[in-house]
Amino acid sequence: MSTRRDFVKTTCLSLAFTLPMEPKLRFGMAAPAEPDSALAPSAFLRIDRNGAITIWANKSEMGQGIRTSMAMAVAEELGADWSRVKVQQASSAAKFGDLGITGGSQSTRGTFKPYRIVGATAREMLISAAANRWKVNRAACRAEMGFILHGKKRIAFGDLVKAASKLEPPKDPPLRDPKDFHIVGTDVKRVDGPDIVTGRAQFGSDLKLPGMLYASVERCPVFGGKLKSMDDSAAKAVPGVKRILAISSGVAVLADSTWAALRGREALKLQWDEGAHATASTAEIRKDFEARLKAPGKVVRKEGEGLAAMGGDAVHARYDCPFLAHATMEPMVGVADVRPDRCDIYAPSQGPGWSMAAIQQLTGLKAEQIEVHIPLLGGGFGRRAMPDFILEAVECSKAAGAPVKVQYSREDDTQHDYYRPGSLHDLSASLDEKGRALAWHHRFTGPSIAASLKMPWPPEAAELSGAADLAYEIPNLQVEWAQSDTPIPVGFWRAVPASFNPFVTESFLDELAHKAGKNPLAFRLGLLKQDGKRKVGKDELDASRLRQVIELAAAKAGWKAWHLAKHPKGRGMGIAAHAYLDCGTYVAEVAEVEVKPDGAVKVHRVVCAVDCGLAVNPLNIRAQMESGIIYGLSAALHGEITLEKGRVAQGNFNDYPVLRLADTPKIEVHIVKSDLPPGGVGEPGLPPIAPAVANAIFAATGKRIRSLPMTPGKILKAGRA
């Protein structure tokens, strides 16, 4: 019969964590507890007899600070001394359940309460053990700073471990009132920060197993191409090269070092059957997009009379957004150790479960014989949700009979990605006699992530955020989406469609404001009159929260004073906002830019206001907003993947640059105080930055930039609106 303890262990969070194995010991994994030596009412928490507290995180740490936030939730409810808390990483071991996907800004949103329950469960058991020992009413006991207290009596958690571990975990343990929080809501530095900045932290690229081989894979430069012939004689002669394998994705050179593998790869003489996409190009894809926009798409939202209400004096505009690579700072890497009866994977992955079925198929092993261990991720942004780099390592290890690390180069990473979809947008809008938005029509096209990844979703499922959920109150509104099929594999990129749709809608809204002769701030606020919640598509919008962040960002940026003052030529200020309904967060940003005579854009300052509900760790929220702004600004000013003869034209940071320190603006983040459930913060800082900059460029130059990235050439060529 299952006990409450079993239930908590297996279902409380639908999470669980792994015992250490030899390689993981290098990550600081603790040894398994001996009987009675620890209190572990959940797989996610252990309190040792010496008072040390270990909390296991069920989401991958890729820089978003989730390990710290999860631990804060447990420690808060437990009444722990934060200085005694350590955090470890879960694996995919079956006894720990499905770790799911780390992404979509859902980690804190989805785990905050369950982790609180874990902490509260242990707290109640410790209190019961202390009350039994003291023979006092447990209701008069409390937990603080690693002790159970009753009047002047106190006893350390560690001294209660043996007795508490014999108790049955309580059902529905009470949670603390948020007004009593001491850890949650305070600025807590990342638990893994010191190791990261001192180089002690273990990322995927740091992994090394006994007897491990190093692999570099040459893949067909054209998507969908296949190997036709191979001459590996020169590659085999390279010192250190051990084996050359034709695998599913190309040809892998296995060697005793990464350097030897790379040199062996360079010596390969390969011929490819480049397949049907050998002549594909960005120009060809653009023509397909344009053709798709000539016909109506699938209506994904319609209110009022929709397109039929459009007036004869409507404003029309076309916007386009490019394909983008993820450009994680750490290129893809995975280690596999396939043995006859077991397979261990060591991979910085956002979705260890997603690769499980394919690993089973490749190895012939059962799920319980496979374990994915997750080191730190050197950036994810959605790229590491894909299993391709893991499966390459599995294939190589199985063939070699040894552990194998597959290491991507920067060029491999850029040219064999799952890209942010490119898109093309046609918009029209009209005003009534008082200059208010009367009708809005948005038709856009691009490839479908769901279709590309063969997800069991409608093809438009991952393409609509920021377009179909437009928050502004426009009486007649119609949004259409049309699927375009391209040879470029597409996938999830930070904020997914909200990385491009808000650039289009917030820029076009700015156009409409100027058409109406109104200040863009006042125009936006005029379209957010309703208080309270209302349904927008499948989600719920609280217009008052969006309005509040817009007003706060504008006030902190000095919007009113700026527009009353005179500024040097080429200086401008723009505003944009986004209601990130998927993760319950509202963000507005104001950008102050300078456009130089050569068209170069310098973003001097960004002011951000965010309402993400309860601010679990304000320090981390500010960091995530800054990160989203910098990542989004990189794409807005520089990011573009193009296709020539079926090949990605870009390879490294020289032709796919990211923002450097000297180009990074001053960023101010203001957090709205709230007691609502916590929302996500990993993605929401990104969507407003591109339109805020585009709107600032218009304010500075009178030129409307409707195409990303906003390069000097495009700005010089743009006509005045």
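Helices (H or I, at least four residues) and strands (E, at least two) are runs assigned by DSSP and numbered from the N terminus, and two strands are said to pair if DSSP finds at least two bridges between them.

## The model and a hairpin

This is a predicted model, in which local features need pLDDT of at least 70 and side-chain atom pairs count only at pLDDT 80 or more, while totals for chains, interfaces and linings use all residues. Residues are numbered from 1 along each chain as its sequence is written, and side-chain values use heavy atoms, with hydrogens and water left out.

A hairpin connects strand 1 to strand 2 through two residues. Strand 1 (residues 38–42) and strand 2 (residues 45–48) pair in the antiparallel sense over three bridges, and Ser42 has Leu45 in strand 2 as its bridge partner. Four of the five residues of strand 1 are buried, so this strand is largely enclosed by the rest of the structure; buried here means under 20% relative accessible area, exposed means over 50%, and partly exposed lies in between (1.4 Å probe, protein chains only).

An open sheet is formed by seven strands in the order 10-11-8-18-15-16-17, with mixed pairing. Strand 10 (241–247) and strand 17 (370–373) stand at the edges with a single partner strand each, so one side of each is left without a neighbour in the sheet. On average, neighbouring strands of this sheet are turned by 20° against each other, direction ignored; axes are lines fitted to C-alpha atoms, for helices over the stretch in contact, and angles run from 0 to 180 degrees between N-to-C directions.

Strand 16 (residues 342–346) pairs with strand 17 in the parallel sense over four bridges, and Ile345 stands opposite Val372 in strand 17.

## Helices packed on the sheet

Helix 8 (residues 258–266) packs on the sheet, where it touches strand 8 (213–219), strand 10, strand 11 (250–255) and strand 18 (404–407), and its direction makes about 30° with that of strand 8; contact means heavy atoms within 4.5 Å. Helix 11 (residues 388–400) also packs on the sheet, touching strand 8, strand 10, strand 11, strand 15 (333–339), strand 16 and strand 18, and its direction makes about 35° with that of strand 15.

The buried residues of helix 8 are Ala260, Ala261, Gly264 and Arg265. These residues cover an arc of only 135° around the axis, which puts them on the same side of helix 8; the arc is that of the directions from the helix axis to the C-beta atoms. Trp259 and Glu266 are exposed residues on the face of helix 8 turned away from its buried side, whereas the elements covering the buried residues include strand 8, helix 7 (233–236), strand 10, strand 11 and helix 12 (410–415).

## Two helix pairs

The axes of helix 10 (residues 356–363) and helix 11 come within 10 Å and cross at roughly 15°. These two helices, helix 10 and helix 11, are therefore roughly parallel to each other, a label given to angles under 35 degrees, whereas those over 145 count as roughly antiparallel, 65 to 115 as roughly perpendicular and the rest as oblique. Their contact is made by Ala358, Ile359, Leu362 and Thr363 of helix 10 and by Ile390, Leu391, Val394 and Lys398 of helix 11.

Helix 14 (residues 501–516) and helix 19 (residues 689–701) have axes that come within 8 Å and cross at roughly 30°, and they are therefore roughly parallel to each other. The residues making this contact include Phe503 and His514 of helix 14 and Ala694 and Phe698 of helix 19.
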